[in-house]
Every structure is written in structure tokens, then in C-alpha cells.
Amino acid sequence: MIIIKIKTKKIEDKNNNEFFQKRKLKKLSFTPYIRTETDVRNIMKDVIISLFPAIIASGLVYGINALLLIATSILSAVVTEKLFSKIFLDDTNSIHDLSAIITGILLAMTLAPLTPLPIVVFGAAMAVIFGKLMYGGIGKNILNPAVVGREFMTVFFSVSMSSGAIWFSQKALLLPKINFFANFYKAPFTSYLDELLLSSSGSLGLYSAFALILGGLYLLLKNRISWHIPVSLFATFFLITMLLKEDTSVSIGGLLLTGIFMATDMPTSPSFAGGKIYYGIMLGLIIVLLSLLGIKNETLSYVLIILNPFTKFINKVFRPVVFGYNVKEEILKQSGKMILLTIGIFTFAVIFVKFHKFGIIPYLVYLYILILTIKLITTKKRINY
């Protein structure tokens with residue numbers, strides 16, 4: 001009987017070991033149910049191509065200064081990705097997906113043309129580290145990396161980032177405006193069309209609304225983004241501003257850059273059509289709300305910081321009704337959740353504005369750094385264990 005017990009115990013131990021090994025392998029394996037020729041690198045290539053018109057426009061206005069700033073931002077993002085992905089993710093090939101290049105470009109698009117290059121290096125590095133790598137890499141981030149980088153720059157270099165000297169220089173300015181339509185017929189409307197083609201005000205990405213629209217159309221044709229977020233954002237913003245008859249500090253270029261390139265970032269935007277439309281509407285409403293509450297220079301950064309964390313909840317509320325469930329009952333449930341979600345977003349937005357006015361935002365950034373660092377350390381310990 002003793003021998004039988006020992007043998008039985010050995011067999012049980014062997015079965016347990018095999019069971020845990022299978023579970024371990026399950027966690028490390030991927031099930032290839034869906035195959036596609038489209039990969040992350042191809043998508044990122046198209047996004048880079050779509051940003052070329054805006055890059056060219058910035059070069060026309062501020063020449064080598066603009067191009068050097070963009071190149072510095074890209075190089076810093078790529079080098080940071082290469083160095084720190086090994087430390088955080090044990091991955092030396094993550095730069096091959098080209099996402100670091102897009103982070104560098106988008107960050108540069110939100111900056112003043114004469115932003116000091118060392119600050120640009122810092123911002124791009126922080127965008128990659130605290131906007132992507134600390135979450136576990138591409139697709140796992142909660143906030144848009146470019147927005148994270150810009151906010152770090154604003155907090156740690158507040159004097160330089162708020163200086164009027166970095167926004168305009170007559171000496172560095174190459175092409176203040178063009179008169180393409182005005183040459184045919186001089187009128188306020190034709191002057192406005194010329195400003196859409198090229199202007200010299202705002203950050204690097206806002207010099208040509210036409211260039212941003214061209215990039216957006218390319219992404220739509222290549223099926224890299226859908227119309228839902230940009231169209232619902234623009235429609236909501238213009239409708240509300242017309243009804244309120246209030247001027248906002250947000251430019252057309254700023255709306256286009258946000259709606260087409262920033263708000264459609266896949267990891268930080270909703271997945272389903274209904275959720276995307278809701279997300280776009282909320283973006284438009286919160287932008288107007290922030291403007292009415294006195295936020296000026298940080299409106300477009302803040303609106304993404306406010307809404308990005310709600311993406312997961314929006315996906316839950318707007319997920320398609322599963323076949324077999326009572327459609328009316330599910331719609332009523334989702335309507336109730338949507339009302340609560342909307343109240344939560346507006347409440348968070350108002351609180352965030354209060355934080356801004358009381359100067360608490362820097363402390364939130366410090367807390368953000370602390371939380372992500374603790375999370376990284378505990379995750380590393382758990383993996384090693």
C-alpha cells in the first residue's frame with residue numbers, strides 16, 4: 001500500500017507540473033485566428049506619409065528652424081525607444097514599428113517654432129518613456145504619448161514654454177502668408193481661404209489647415225482612420241460655438257490636428273463606431289467647456305488628457321449587442337451607463353480646470369511619475385518571482 005501511495009503521489013505531481021507548464025505556455029502563446037497582411041509598421045508608414053504636407057508647410061514658414069526641431073524630436077524619440085525598450089520591455093527591436101517616429105513628429109507639431117532644442121529632446125524622451133514604455137509598449141498606453149511629452153515640457157520648463165519669444169521671430173520667418181485666392185478676387189472670404197492654405201501663427205503643425213486635411217483624406221482613403229471621430233468633433237464644436245456665439249482660443253488648424261491625428265490614436269480612442277461618435281462629440285463639448293472656463297494655451301492637450309482615460313469605459317458602454325440578448329433591454333442599460341459616463345466626464349473636466357487654476361497640475365504630473373514607477377517596479381518583481 002505504501003508503494004502504491006508513493007507512485008500515486010508521483011503521478012499527481014507530474015500531472016500538476018504538466019498542467020502549470022501548459023498554463024504558462026498559454027500565456028506566452030498567441031492564437032492566430034485572424035490573419036492579415038496589414039501590420040503595425042504599414043499603418044505607421046501611412047501616418048508618417050500623411051504628416052508630410054504639414055511638415056512641408058512648417059518648413060515653408062520657418063525654414064531650417066522648423067525642420068531642425070522636428071528632426072530633433074524624432075531622433076530623441078527613436079534613440080529613447082532604442083535605449084529604454086531594452087530596460088523596460090527586454091526588447092531591442094521595438095523601434096522597427098515606427099511608432100517612435102510618429103510620437104516625435106506629433107510632439108513637434110504641437111510646439112512653438114523656436115522651442116529650445118534641449119527642451120524638445122527632453123519632451124520626446126518623456127513622451128516615449130512615460131507615454132508608452134512604462135505601460136508595457138505600443139498599444140498598452142492610456143494617454144497619447146505626444147500629449148504626455150508636451151505636458152512634461154510645460155511642467156518642467158514652464159518659463160521657457162510660456163515665453164512669447166519662442167512663438168514668433170521676424171528674423172526666422174521665411175513666408176508669413178500667401179495670396180493665392182486673393183490674387184483672383186480680393187475679399188475677406190478669399191483672404192480666409194489663403195490663411196487655410198498657409199499662415200504663420202500657432203504651433204508647427206497648424207500653419208496649413210489644407211495640409212492637415214490632405215493628410216486626413218489620405219488616412220481615410222487608406223482606411224487607417226474612420227470618419228467618426230473627426231466629423232463628430234468638428235460638427236459638435238462648430239454647432240455649439242454658433243449657438244453660443246462665443247469666440248474660442250482654438251484655431252481651425254488645432255482642431256484638425258487634434259481630430260485627425262491625435263484623437264484617432266488607436267490605443268487611446270474607442271473601438272466601435274458608436275463609441276467613436278460619442279468620443280468625438282464629447283471632445284467637441286469639452287473643448288468648448290475648457291474655452292468657456294478660461295483655458296487658453298492648453299485646451300487641446302487637456303481635452304485629450306481628460307478623455308483618454310475614459311476610452312475603456314466608452315468601449316464597454318458602446319460595445320455591440322450580443323446576438324441572443326434582448327435588444328431593448330440592452331439599449332436601456334447602455335443609455336443609463338452613457339448618462340453616468342457623460343456626467344463623470346464633465347465632472348472630471350471641471351475638477352481638472354480647478355486643478356489648473358490652483359496650480360495643482362505639476363503635482364499631478366509628479367504623482368503620475370510616481371505611480372508608473374511603482375507599477376513598473378512591482379511588475380518587474382512579479383515577473384522575476
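**Notebook: salt bridges and a nonpolar patch**

I started with Arg224, which forms a salt bridge with Asp46, the closest N and O atoms being 2.7 Å apart. This pair links distant parts of the chain: Arg224 sits in the loop between α8 and α9 (228-244), Asp46 in helix α2 (residues 40-89), 178 residues apart. I noted that this is a predicted model.

Next I checked how covered the two partners are. Arg224 counts as buried because its relative accessibility is 18%, under the 20% cut-off. Asp46 counts as buried too, at 5%.

I then searched the whole structure and found three salt bridges. One of them joins the side chains of Glu81 and Lys132, at 2.7 Å from N to O. Here Glu81 belongs to helix α2 and Lys132 to the loop between α4 (117-131) and α5 (145-156), 51 residues apart. I found both Glu81 and Lys132 buried.

Glu298 and Arg150 also meet through their side chains in a salt bridge, at 3.3 Å from N to O. Glu298 lies in the loop between α11 and α12 (299-307) and Arg150 in helix α5, so this pair ties together parts 148 residues apart in sequence. I read 10% relative accessibility for Glu298, which counts as buried, and 8% for Arg150, also buried.

Then I turned to the surface. Ile213, Leu217, Leu220, Trp227, Val231, Ile277 and Ile281 form a nonpolar patch with about 570 Å² of accessible area together. Helix α8 gives the largest share of the patch, three residues. I looked up Leu220, which lies in α8, and found Leu220 partly exposed at 37% relative accessible area.

Methods
Residues are numbered from 1 along each chain as its sequence is written. This is a predicted model: local features need pLDDT of at least 70, side-chain atom pairs count only at pLDDT 80 or more; totals for chains, interfaces and linings use all residues. Side-chain values use heavy atoms; hydrogens and water are left out. Patches are made of residues with over 30% relative accessible area and no salt bridge: like charges are joined within 9 Å, nonpolar side chains (Val, Leu, Ile, Met, Phe, Trp, Tyr) within 5 Å. Accessible areas come from the Shrake-Rupley method with a 1.4 Å probe; for residues, only the protein chains shown count as cover. A salt bridge is a side-chain nitrogen of Lys or Arg within 4 Å of a carboxyl oxygen of Asp or Glu. Helices (H or I, at least four residues) and strands (E, at least two) are DSSP runs, numbered from the N terminus. Buried means under 20% relative accessible area, exposed over 50%, partly exposed in between (1.4 Å probe, protein chains only).
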